[in-house]
Amino acid sequence: MNSVLIIGAGAAGSVVAKKCAMNRDVFKKIHLASRRLESCKKVQAECKTPIDISQVDADNVQETVALLKKVKPDLVINMALPYQDLAIMDACLEAGVHYMDTANYEPREEAKFTYKYQWPYHDAFKAKGLMAILGCGFDPGVTNIFCAYAQEELFDTIKTIDIIDCNAGSHGKAFATNFNPEINLREVTQRGKYWKEGEWIEIDPLSISAMIDYPEVGEVKSYLIYHEEEESLVENIKGLEQIRFWMTFSDNYIKHLEVLQNVGMTRIDPVMYKGTPVVPMEFLKSLLPEPSSLAENYSGKTSIGVIIKGHKDGEKVRYMIWNVCDHAETNKEVGAQAVSYTTGVPPVVGAMMLFQGHWKAPEGEKGGVFNVEQLPPKPFLEELGKQGLPWHVRQIKKKEQKDLFDVET
Ligand SMILES: NC(=O)c1ccc[n+]([C@@H]2O[C@H](COP(=O)([O-])OP(=O)(O)OC[C@H]3O[C@@H](n4cnc5c(N)ncnc54)[C@H](OP(=O)(O)O)[C@@H]3O)[C@@H](O)[C@H]2O)c1
């Protein structure tokens, strides 16, 4: 296998294409397709080696099938929006192509992240001997793989997982989101949720916070939100008692978010305006800066990882596993800010894992739908640093993250 089709030439998809084009020993054929050909042309011109491009509306299964039959890739990396996941999976099944994405399917009319739509494709992919690899970005993605690595190498039993996500960067705009504004705002305005002892516990949005000490950044107030990898990790990490997800938001971001919510601009249902139905969130997206436009003056770093508590050889142990990524450095390398870079590099590494045979269905099976933590973590992590995302692991003491371990949930 050596031929890849990337769908979605946005902020993160452009990183995927550019990184594939820097690894021609693995990716002999690279094709980038998106809703607008101009988006592809821009990325094509910035790739270090030649790639092919096409226009496709990935909501249209038959249009995508026709493209797949023409290009004949081994794998589709879906870097479009979560709305397109099922249509692209259907097209992959019909054309006999492996599938990978970085975000789970979400219906347009309901901001609800869940694998319940994609997991039922398991038998169909298995029957065709095809792999569908879900959630292969950074979070979900690398954070899941950190957990799988911890389960395999560092712990006998894992009791708690805290996924911690800090963007300590500054883009200089009054208000902008680091990835697709619509998807980002739908994520942070929904009710928070975490999992404890077999139950999902819902909380009001941004109502629980803790000070977390992030590597190379320092202490930053972080909010408990729901994030999609919690759903699969609950299934795949044995003996788990609690999982929570924490993200930093600046006071400025929260101020803007509050006002936008209060005036109804984050609504996802249509409202009539001068006789035309308008979805306020979609209109708002059209006013906000494109995430790919933020790279130029972005300074600072992202610091994302996991803090895990459990037992090893009868002793209570705590580990932190993380990556730090610098916005200015990623801009220099591929003309993208660190959030797009940390999202775009992992699927390239995941594709390498599939092409090189490190990631495959379990013994005796030929395919199916898998979350990344179900696949071997070590070869992935060995390659990740080489592709620009070095990671670190360290045993920590409770007092180093006192606020996080003490927060009542
Ligand atoms: N796991 C993670 O760590 C993580 C983190 C951040 C984001 N993500 C996910 O990454 C994905 C991309 O995010 P982004 O920030 O790159 O967003 P973005 O800049 O808005 O890019 C999305 C791209 O999708 C394309 N697209 C939209 N509808 C399409 C359709 N019907 N057919 C074909 N192409 C279509 C758009 O194409 P045109 O430009 O051609 O119109 C756009 O370029 C999202 O699913 C997001 O949830 C994952």
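Domains. I took the domain bounds from an automatic or database domain assignment. For the protein chain it gives domain 1 (3–138 + 338–385) and domain 2 (142–337 + 390–406). I noted that this is a predicted model, in which local features need pLDDT of at least 70, side-chain atom pairs count only at pLDDT 80 or more, and totals for chains, interfaces and linings use all residues. Residues are numbered from 1 along each chain as its sequence is written.

Overall size. I looked up the secondary structure and found 14 helices and 18 strands in the protein chain. Helices (H or I, at least four residues) and strands (E, at least two) are DSSP runs, numbered from the N terminus. The radius of gyration of the protein chain is 20 Å, close to the 22 Å of the globule rule for 409 residues, so the chain is as compact as a globular protein of that length. That radius is taken over C-alpha atoms, and the rule is 2.2 Å times the number of residues to the power 0.38. Along its principal axes the C-alpha trace spans about 60 × 55 × 40 Å.

Domain contact. I found the C-alpha centres of domain 1 and domain 2 to be 22 Å apart. In domain 1, 35 residues are in contact with 38 residues of domain 2; contact means that the C-beta atoms of two residues, placed from the backbone, lie within 7 Å. On the side of domain 1 that touches domain 2, H1, helix H12 (338–355) and helix H13 (377–386) each supply at least two residues. H12 gives the largest share of that side, seven residues. By class, I read 18 nonpolar, 11 polar and six charged residues there. Here Ala, Val, Leu, Ile, Met, Phe, Trp, Tyr, Cys and Pro count as nonpolar, Asp, Glu, Lys and Arg as charged, and the others, Gly among them, as polar.

Ligand shell. Which residues come nearest to the ligand? Of the 33 around it, I listed Gly 10, Ser 34, Ala 58, Gly 137 and Phe 179. A residue counts as near if its C-beta atom, placed from the backbone, lies within 6 Å. Helix H1 (residues 11–20) gives the largest share of the shell, three residues. I sorted the shell into 16 nonpolar, 12 polar and five charged residues. Both domain 1 and domain 2 give residues to the shell, so the ligand lies between them.

Parallel sheet. I traced an open sheet of seven strands in the order E3-E2-E1-E4-E5-E6-E17, with parallel pairing; two strands pair if DSSP finds at least two bridges between them. Strand E3 (52–55) and strand E17 (368–371) are the edge strands, each pairing on one side only. From one strand to the next the twist averages 20°. Axes are lines fitted to C-alpha atoms, for helices over the stretch in contact, and angles run from 0 to 180 degrees between N-to-C directions. Strand E1 (residues 3–7) and strand E4 (residues 75–78) share four bridges, and Ile 6 has Ile 77 as its bridge partner in E4. H1 lies across E1, strand E2 (29–34) and E4, at about 160° to E1.

Hairpin. I found strand E8 (residues 192–196) and strand E9 (residues 199–203) running antiparallel, joined by five bridges. They form a hairpin with two residues between them, and Glu 197 in the turn has a positive phi of about 45°. Trp 195 stands opposite Trp 200 in E9, and its bridge partner in E12 is Ile 243. E8 and strand E12 (residues 242–248) pair in the antiparallel sense over two bridges.
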